[in-house]
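Reader: Hi! Could you walk me through some contacts in this one?

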Amino acid sequence: QVQLVESGGGLVQAGGSLRLSCAASGSIFSMNVMGWYRQAPGKQRELVATSTVSGTTHSADSVKGRFTISRDNAKNTVYLQMNSLKPEDTAVYYCNAIIFRAPYNYEYWGQGTQVTVSS
């Protein structure tokens with residue numbers, strides 16, 4: 001069983017920065033895809049950024065150029081560096097991990113961390 005624990009959320013003014021961390025209970029080498037999602041009040045959960053074990057990253061258009069996802073394999077931790085934050089970035093941010101074990105995919109979620117950006 002994989003456990004993901006997020007940290008680093010908080011309250012920040014528009015234009016500020018935060019770094020979210022997601023610590024995994026196991027080796028993230030086994031996690032084919034790790035990513036960050038967010039859910040604002042009254043909205044559906046949406047993809048923010050993903051990182052594959054091979055190093056390929058993907059970011060949503062709304063955060064490109066502002067947010068950066070990275071993995072520290074030695075620490076089994078994934079980060080989301082968020083710069084130039086906007087009030088519309090306010091949401092609960094969730095860490096996600098997907099493990100491919102044919103014929104199944106196993107998906108895990110963290111408990112979420114609140115990010116609030118004030119204008």
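Reader: Is Tyr-106 buried or exposed, or in between?
Author: Tyr-106 is partly exposed, at a relative accessible area of 33%. Buried means under 20% relative accessible area, exposed over 50%, and partly exposed in between (1.4 Å probe, protein chains only). This is a predicted model, where local features need pLDDT of at least 70, side-chain atom pairs count only at pLDDT 80 or more, and totals for chains, interfaces and linings use all residues. Residues are numbered from 1 along each chain as its sequence is written, and side-chain values use heavy atoms, leaving out hydrogens and water.

Reader: Which residue forms an aromatic pair with Tyr-106?
Author: Tyr-104 does, edge-to-face, with 6.5 Å centre to centre and 70° between the planes. Rings of Phe, Tyr and Trp (its six-membered ring) pair if their centres lie within 6.5 Å; planes under 30 degrees apart count as stacked, over 60 as edge-to-face and the rest as tilted. Tyr-104 is exposed, at 52%.

Reader: How many aromatic pairs does the count come to?
Author: The count is 2. The rings of Tyr-37 and Trp-109 have centres 5.0 Å apart and planes at 65°, so that pair is edge-to-face too.

Reader: New topic: how many disulfides are there?
Author: The search of the whole structure finds 1 disulfide (a pair of cysteine sulfur atoms within 2.5 Å). This disulfide joins Cys-22 to Cys-95, with 2.0 Å from S to S.

Reader: And are those cysteines buried or exposed?
Author: Both Cys-22 and Cys-95 are buried. The torsion about their S-S bond is about -80°, so the disulfide is left-handed.
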